Amino acid sequence: MFEARLLQGSLLKKVMEALKELLNEAAWDCSDAGIQLQAMDNSHVSLVSLNLRAEGFDKYRCDRNLSMGMNLGSMSKILKCASNEDIITIKAQDNADTVTFVFESPDQDKVSDYEMKLMNLDQEHLGIPETDYACTIRLPSSEFARICRDLSQFGESMVISCTKEGVRFSATGDIGTGNIKLAQSAKVDKEEEAVVIEMQEPVSLTFACRYLNSFTKATSLSKSVQLSMSPEVPLVVEYKIEDIGHVRYYLAPKIEDEEAA
Amino acid sequence: MADPSDVDKLLENVEQFVNDENKIVTYEFLSQNCGIHVNLAKTVLERYVEELKKKKKDLLYQVVYSLAGYVGKNIRCLLVKDTNLKETTLKLDKIISLHVYSVQKGKLDTLSLLYNSNLTEFKKSIQQCCSQSGISCPAAKLKPHAELATNNTTEIKKNVEPVKPEHAMLKKEEESLDASSSKSSIHSESHLTIQDPLKAKEKASSKLPAKKTVGKPAIAAFFANQQAIGRVNPVKEEKKEAVEEIKKSVNGKRVVREPSDDESENKDINVDAIKTSKRFKLSEEAKPVKLHETKAKKTVRKAKQASKTSEKTQRKRIQQFSDSESSGDDEEEQDIVLSSPEMPAQMPAPMSEDEDDVLNATVTEPSNNPKRSRKLVTKAYMDKDGFVVTKREYETCEEKEIPEPTPEVKEKEKSKEIPKTDTQASTKHPSPPGKTKQKSITSFFTRK
């Protein structure tokens, strides 16, 4: 038996928004530690890793490890039936082929439940090694979303360069070149509005804008986003979900073609 | 002037046409049939009518007069039955011209029938149909197909107005209104009024493009005007010519127009030019007719393109004449009503030309087999008796052409194209200066 009750139902809705653009279907791995999801996008360029800790739920019970393959499009449709204020409970029997979503209004006068068929997904999991990244940039998530949106107009690739002076996002295309440079914030009232750069060595990597734009769908989950880069290593875009976990996106960089070089 | 013996022979011919063949003999018909100048044809008809009157047989015949005169400042050109001639002449302030237009046995129900009488002759040869004409039109130029095609569609759209049913009795204008005199308005016998040529021209020109430009901002109006002028120009020229011809005919000065070699060489183009003017005249016709024409035109274009490519492979060229017996009936009737006496001679030919192409184009595929299919083909040809016969028959033919894709296939193709554009875009916007290759995430992380 699996049951997870989330008081802040809107959180699950936001998570769904953050996932569904990149993934069509994914396996939700439930354990007594919490819910984890790891899936690559169809083109195997990016990887999404979601972690929702058991402590973050109002009620969490997982008798046996369980992997629920879900069609995220269908799940999104069901979650759209829930109000932002609703309490969402996910229920599933052991070895069941369905999952039930229960939406309770805050005053308990409306309870709706939706049953969704599960899928048999044979998804491979990737081992993500612990990496000490050469650069870590923390910036407001809305700022990052804006940068990605703006620069994707210039070209399909974006270069993120991190130096001592700050971080520079640049894109070049037919219409010209766009450069956005963010310097480390000297003094900011709110921590989440700050641009914080931790750098061991300068890094400059090229990434596909379309994936970065998809990552920014998670902007509503967190006020700040953390970018972690190392030379010739996937970029990590991490949105922390308050009190419960995080969603991390890994994006393989574009590497200069050896043949062309 | 013709030899009296010739005139007698011609009179015999007229007698034969009218009595033996029960034909409506217009002066155009006579001119074409006997190869005489229109003026001589008119004289012969005049003589014939006089003889009928002498024999007091005129009541058995219907004589239609062509009458032109002034009502105030306006010129009126009327086709009047002999019974109404006196009344109508009284209505005119000044008579410019009066001559016999047609003679026939029995009663003429509608003046539109007069057109049919000329039709057969006109069909025979587009080049010859104006050879006996009293009007020459040196300014008439052969227009390229493409130009005409674009002009036709736009002009017709602007000028189409519904025809009132009570105006069924329509009249033709005098000789002055040749095919290019597109300005001629269509009126009933009693109401027909052609204004002073210059005024009419002004009116016509103001009708075409000006309507659209009204209320536009200055610069927009300017450009719209320019566009409209560009479109309407050919018609305007025609109108000018028509106006000049009206003047000439009024003064009794007529120039015999001889068909040039160019005309015969560029038959197709000529045909379209005539069609343009015809359409312009049909401006008061109902929309369905217009649609029919434009559709036909489209199919014509397609067919022409196809015929160009497969010219060598074509087994035979079927010379066609208008399918007056079949679907074209309505259209033709309207043409009859609206056509002017001189230039309509050229009308049937374009139709036949069109049909020739339409014949190729109006192919319906009952079966889906792309390789060998039976097609419903419309064929029109002239039989031994000189009648145009239109036949629809199935022909088995092998097609090398790729069948037109179904909507589903099209969608698939579209969906296929979309990623292509993406990849094109990707090549278009390489952000970094050097070529970069997107790595897969699996090359960085090992599978568990």
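Q: Call two residues in contact when their C-beta atoms, placed from the backbone, lie within 7 Å; which residues of α3(B) does α2(B) meet?
A: This is a predicted model, so to speak with ground rules: local features need pLDDT of at least 70, side-chain atom pairs count only at pLDDT 80 or more, and totals for chains, interfaces and linings use all residues. Residues are numbered from 1 along each chain as its sequence is written, while chains are lettered from A and ligands numbered from 1 in the order in which they are written. Helices (DSSP runs of H or I, at least four residues) and strands (runs of E, at least two) get their numbers from the N terminus. On the α2(B) side you'll find B:Y27, B:E28, B:L30 and B:S31, and they meet B:V38, B:A41, B:K42, B:V44 and B:L45.

Q: At roughly what angle do the axes of α2(B) and α3(B) cross?
A: An axis here is a line fitted to C-alpha atoms, for helices over the stretch in contact, and angles run from 0 to 180 degrees between N-to-C directions. The axes of α2 (residues 27-34) and α3 (residues 38-54) of chain B come within 8 Å, crossing at roughly 120 degrees.

Q: How many charged residues are on the side of chain A that touches chain B?
A: In the contact between the chains, 32 residues of chain A face 21 of chain B. Strands supplying at least two residues each on the chain A side include β4 (46-53), β13 (166-173) and β20 (254-256). Sort that side into nonpolar (Ala, Val, Leu, Ile, Met, Phe, Trp, Tyr, Cys and Pro), charged (Asp, Glu, Lys and Arg) and polar (the others, Gly among them). You get 17 nonpolar and 9 polar, with the charged ones numbering 6.

Q: Which residue is the bridge partner of A:I255 in β8(B)?
A: Two strands pair if DSSP finds at least two bridges between them. β20(A) and β8 (residues 436-438) of chain B pair in the antiparallel sense over 3 bridges. Across from A:I255, the partner is B:K437.
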